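Subject: Structure handover

Hello,

Here is the structure I promised. My notes follow below it.

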Amino acid sequence: MGSVRSSRLAFLAAAAMLGFVGDGRGQEPPKTLGAIQKEHELADATARRRAERAKTDAELKAATDAIWTETKKAAADAFAWAEAHPDDPKALDAIIWTIHGLANGSYPNYLGEQAKAYRLLTVKGLDSDKVAPVCYYAGGESVACPDARRFLEAALNKSSNRLVQGAACLGLARDYHATAQFARRVKDDLTRGPLVEHWKGTGVVERAEKIDPDESDRKAAPYYERLAKEFGDLKMPQPYNQVPFAELAKGELYEMENLAIGKVLPDLEGEDVRGTKIRPADYRGKVVAVDFWATWCGPCMGLVPHHRALVKRLKGKPFVLLGVNGDDDRDQAAKAMAAEGMTWPSIWNGGQTGGVVAKFGVRSWPTLYLIDAEGVIRYRNIYFATLDKAVDKLVAEAVAKKKP
């Protein structure tokens with residue numbers, strides 16, 4: 001009983017510190033968490049329909065603002081419900097929902113709510129299996145939300161739950177590596193602009209400018225090593241990734257040490273979806289964009305028109321787009337390529353795990369590497385106008401080097 005009371009008092013103290021406890025005269029929170037979620041779903045759907053119907057930039061902005069207003073309101077309702085029902089097991093669900101369901105990831109309009117959730121979880125839920133997925137996905141958020149890393153550190157060092165500890169160890173490894181990648185993008189003139197615009201007024205870019213990316217990667221490595229040694233036998237529960245932590249640690253450490261910006265691309269060899277052999281020697285002296293895609297990946301297929309135009313525009317130039325397909329069904333991939341006019345070669349991986357996908361540490365689709373004519377990785381996961389600028393820059397470098 002004492003531990004329950006202490007936990008309740010700690011939560012209430014944290015809630016008061018963060019401004020969640022009122023004087024009791026405010027509006028009564030909704031009776032159930034489900035009611036909050038249902039109310040949000042309806043309001044969010046209405047706002048998104050407005051965005052889809054927008055005909056002007058002003059209408060689109062107003063609809064987008066409405067989406068964020070509703071999202072922030074839903075978070076406030078969830079926090080209020082958790083504060084009003086601190087002993088209810090669903091209080092933890094309410095807090096988790098604000099960062100793992102309501103809004104996943106970091107957004108300029110949502111940093112305050114994200115920070116509050118991580119602070120509350122640090123005092124409320126470190127011992128529950130429910131926070132393991134939060135730990136698993138929190139890696140990479142600390143540049144925008146420093147409380148995310150503090151939460152991960154607390155989960156690793158203070159939780160009595162071994163799954164939570166392991167997921168937090170993985171989260172910290174990913175967080176330091178993702179921070180390094182973000183800092184490199186901020187320091188590159190070509191990729192800096194969109195980040196400055198996106199995070200304007202938040203201080204995120206200014207924090208990233210002070211980060212040494214190489215040092216951040218060095219800090220990630222020991223966490224991957226500890227993950228394999230202490231938690232390697234664990235894996236996330238269904239429906240999450242079922243790869244054991246030891247394998248994740250091995251693959252992601254390899255990716256960090258061998259596939260970072262400035263590293264030479266490993267050999268990329270396989271068989272095209274259409275059956276022909278693909279060899280690295282075929283692309284020597286050319287700029288290569290390696291695009292990991294699949295027909296089941298909506299964003300991947302959404303990039304096809306742009307990729308098609310890029311290939312057409314650079315015909316005759318030292319550039320090649322090389323796909324790596326993650327479909328289980330080879331014929332399905334081949335039919336999609338024919339239907340979509342995807343004339344560039346594409347290695348068939350035989351699924352979304354193993355093979356080239358595993359070698360390149362691909363965890364999300366699409367993933368894109370841009371390689372210069374010397375075989376060095378120069379950019380990763382850049383698309384549309386930024387990709388065009390980067391390709392033109394590297395092609396110009398390749399052409400200049402060929403001139404006598």
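Which backbone nitrogen lies 2.9 Å from a polar atom of the side chain of Asp372? That of Val376. The Asp372 side chain also reaches the backbone nitrogen of Glu374, at 2.9 Å. (A polar contact is a pair of N or O atoms within 3.5 Å; within protein, one must be able to donate a hydrogen and the other to accept it, and residues adjacent in sequence count only if both atoms are side-chain atoms.)

This is a predicted model: local features need pLDDT of at least 70, side-chain atom pairs count only at pLDDT 80 or more, and totals for chains, interfaces and linings use all residues. Residues are numbered from 1 along each chain as its sequence is written, and side-chain values use heavy atoms, with hydrogens and water left out.

Asp372 sits in the loop between strands S6 (367–371) and S7 (377–380). (Strands are DSSP runs of E, at least two residues; helices are runs of H or I, at least four; both are numbered from the N terminus.) Asp372 is buried, because its relative accessibility is 8%. (Buried means under 20% relative accessible area, exposed over 50%, partly exposed in between, with a 1.4 Å probe and protein chains only.)

Now the rings. The structure holds 11 aromatic pairs. (Rings of Phe, Tyr and Trp, the last by its six-membered ring, pair if their centres lie within 6.5 Å; planes under 30 degrees apart are stacked, over 60 edge-to-face, the rest tilted.) Phe292 and Phe360 form a tilted pair, 5.6 Å centre to centre with 50 degrees between the planes. Both are buried.

Best wishes
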